[in-house]
Amino acid sequence: MSGSLKLLKLINVILEHVYKFLGLTNPIPEVINAFITAAISFAVISVFVMFLVWMERKVSAHMQSRIGPNRVGPFGLLQTLADAIKLTTKENMEPQKRDKIPYFIAPIIAFVATFMGVVVIPLDKGVTIQNLNIGVLYIIAITSFTVIGILTAGWSSNNKFSLIGGFRSAAQIISYEIPLVLSLVPVIMITGTLDLQKIVEYQAHAGYWFVGPQIIGFLVFLTASTAESNRAPFDIPEAESELTGGFHTEYSGIKFAMFFLGEYISIIIGSSVAVSVFLGGWIAPAFMNFLPVPGFFWFVIKVLLVIYLIMAFRWTFPRLRVDQLMDFGWKILIPIAILNIFLTGLWILWFSKGV
Amino acid sequence: MTDLLLSQIDINSNSLTETDEYIVNLGPQHPATHGVLRLVVKLDGEVVKETMPVLGYLHRSIEKICENRTYPQCITYTDRVDYASAMSANLAYAMAAEKLLNIEIPPRAQWLRMIFVELQRIASHLLWLGAFAGDLGAFTPFLYGLRERERVLDLFEMTCGQRLTYNYIRIGGVMIDVLPEFVEKCRLFLDYFFKKVDEYEELLTYNPIFLERTKGVGFITPEEAINWGLAGPSLRGSGVSCDIRKQQPYLFYDQIDFKEEISYGGDCWSRYKVRMNEMRQCVSIIRQCLDHMGPGAVEAKLPPVLKGPNGQEAYSRIESSRGEMGVYLVGNGTPKPWKCKFRCASFNNLSVIDKLTRGWKVADIMAVLGSLDIIIPEVDR
């Protein structure tokens, strides 16, 4: 049994004792358990995001021959905490002619929608916050809710830059959703399941990771998920040199922070899915099998590597124009993804592997 | 349901597909406009219908101020005409004043002027490179550009103590001779910098996204470019030979072996390529200047008070970092010029923005604006 699973069990045992002490019925009500798990995962993810923001700043500093944050805490690790405190204690500036209710709800939708995707990520063998047998479908469905938040933000800010940003984002996310799904289809065809946990287990049994046979799918997925999380070179919804801040031009303080967190969480989800589906999730690399570390460790290492790659994209490439972005999505990524599905179908047919 | 919706819409008004134009102000405070330029842009969705630059946010009436200052005092104001390329503005003014006052300049001063103006061109192009790449959404080249620009500014600081507005090239020569170790440090920088240009090109020139954003964007034919009065690298990007250093050599440019960089594309990419190649030419020019430069005085003997001859006029033109820069001076027998006029390349280059962006996307405004290399104080003065 792995370390993180033990941790969850330990929490449950402690809770059971607390309930006995209070004279409540045993076992613990499912609802309370869910709340506590949610709170813990929220805290862990928030800390991870803080680390990612720090990492992004250090990576960009390294790429631009700078030093990066190094004042707050060791190696500047607490810089993000300082920024978060600054953002939360800031005065909440709102434009006078905003559409009040959508303006308030937009960052919440964007944040919650991305955050909900975390639920089905397989962290270790048998460890998921809530394992669903339609995990892949769930993640794709839930993360595309983000576009509603962004569109609402763009509309309700009553600012032309925000509006352009919002519409660009809608067009972009809807177009890139398609190659994103299509790139995952071949893996689902081979494994015959939508359950992320089972996809990882299939890779463990098969002895290879899908990044080998499905390299095209992996590249398409990586590109599309970068676009899904509005990251450079696909950051046209917030292109600061054209649209000032895009859809979040008029947002400040904690509301801006929610968009900001949402972006990073969607990177985490994108790379987690990439790792689970294509890079073997929590499976240790074959040559490192002897190391007595839990699968969770390998999972995090792989996720960080993919995130590093996405960060390196951002600090290397110029931004695409909106029509070029659409062309790239519809004329290049989607045909490639469909071709990949076709080839995978032939592969299954001839070698009768998988289903 | 659809029938119901359609029945409510008047078919004749075509309101299902009709779009409204709307106006967006890019600037005067906007992260991408260089300085305080305001562009009033008429948009139809993402498509640009009209771009109108609104000038005057940085107008400081430098020309009028110069008419109330003595000839040597004006030099400090010329620094502010083009703060990214202050040496060129210094030189243009000093040359006009020398023409008006009939002053001979010692050769060492001429060589020093050439070295510093070319170093300034490198610094200015580096700043442009960073801003241009930043406009296209790549932030990293900006820091690369500033990293090398810092080295140039160190050379300037070592010589005249200033890093932005130098007041170094004076009437009759230069302010002060360079330090003995300057030549060696300058050579070290040139060797270091020559390799760095390749690094920038590796990062940008054939990057597919960069090519997509710049190839064919902001295209202008040579004839149109001449008619619009484009100047400098922006005109050479259309394949027109217009380098004043070649056509009307001033200083000792006729004794130097260098190539006028021309690119024939007429688009943003060509203008980019011209400037990148020009940086390499600058290195070669400075190297030759350092070889040619002999010892001697750096300042001519001047009368205590400089008086412009009554009714006489003088015009000087140089190839500044942004193109042709001219200074027109009229004397009236007093220590102050009767009229002082700057002809700056940025003003003409900016005027073409409407033609280049009509029918393109919003993002292309930034690419075109970046590729024209506009400095707002030069436009507004």
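# Two chains, one predicted model

Hi everyone. Let me start inside chain A, where 20 residues of domain 1 are in contact with 24 residues of domain 2. Contact here means that the C-beta atoms of two residues, placed from the backbone, lie within 7 Å. Before I go on, please keep in mind that this is a predicted model, in which local features need pLDDT of at least 70, side-chain atom pairs count only at pLDDT 80 or more, and totals for chains, interfaces and linings use all residues. As for labels, residues are numbered from 1 along each chain as its sequence is written, while chains are lettered from A and ligands numbered from 1 in the order in which they are written.

Back to those domains. Domain 1 of chain A covers 1-89 and domain 2 covers 90-350, with bounds that come from an automatic or database domain assignment. Their centres, taken over C-alpha atoms, are 21 Å apart. Which helices supply the domain 1 side? Helix H1 (3-22), helix H2 (30-63) and helix H3 (79-88) of chain A each give at least two residues to the side that touches domain 2. H2(A) has the largest share of that side, with 11 residues. By class, the domain 1 side divides into 10 nonpolar, eight polar and two charged residues. For those classes, Ala, Val, Leu, Ile, Met, Phe, Trp, Tyr, Cys and Pro count as nonpolar, Asp, Glu, Lys and Arg as charged, and the others, Gly among them, as polar.

Now chain A as a whole. Chain A has 13 helices and zero strands. Helices and strands are DSSP runs numbered from the N terminus, a helix being H or I with at least four residues and a strand being E with at least two. The C-alpha atoms of chain A fill a box of roughly 60 × 55 × 40 Å along the principal axes. Of the 355 residues of chain A, 43% count as buried. Buried means 20 or more other C-beta atoms within 10 Å of a residue's own, exposed means 12 or fewer, and partly exposed is in between, with C-beta atoms placed from the backbone. Among contacts in chain A between residues at least 6 apart in sequence, 78% join residues at least 24 apart.

On to chain B, which has 16 helices and eight strands. Its radius of gyration is 23 Å, close to the 21 Å that the globule rule gives for 381 residues, so chain B is as compact as a globular protein of that length. The box for the C-alpha atoms of chain B is roughly 90 × 50 × 35 Å along the principal axes. Of the 381 residues of chain B, 48% are buried. Chain B averages a pLDDT of 86, and 94% of the residues score at least 70; pLDDT is the predictor's confidence in each residue, from 0 to 100.

How do the chains meet? The contact takes 26 residues from chain B and 22 residues from chain A. Strand S1 (22-26), helix H5 (107-135) and helix H6 (140-160) of chain B are among the elements that each supply at least two residues of the chain B side. That side has 14 nonpolar, five polar and seven charged residues. The model scores ipTM 0.78 and pTM 0.84.

What about the inside? The largest nonpolar core has 177 residues, and those with the most contacts inside it include A:Ala274, B:Tyr93 and B:Ile365. Such a core is a set of buried Ala, Val, Leu, Ile, Met, Phe, Trp, Tyr and Cys residues joined through C-beta atoms within 7 Å. H5(B) gives the most to this core, with 17 residues. B:Tyr93 touches B:Cys74, B:Ile75 and B:Thr78, among others. B:Cys74, B:Ile75 and B:Thr78 are among the buried residues of H3(B). Six of the eight residues of helix H3 (residues 74-81) of chain B are buried, so this helix is largely enclosed by the rest of the structure.

One last stop. B:Ser61 has a positive phi of about 45° although it is not a glycine. B:Ser61 sits in the loop between strand S3 (47-54) and helix H2 (62-67) of chain B, and counts as exposed, with 11 C-beta neighbours inside 10 Å.

Notes
The radius of gyration is taken over C-alpha atoms; the globule rule is 2.2 Å times the number of residues to the power 0.38. Lists of a residue's contacts leave out its neighbours within four places in sequence.
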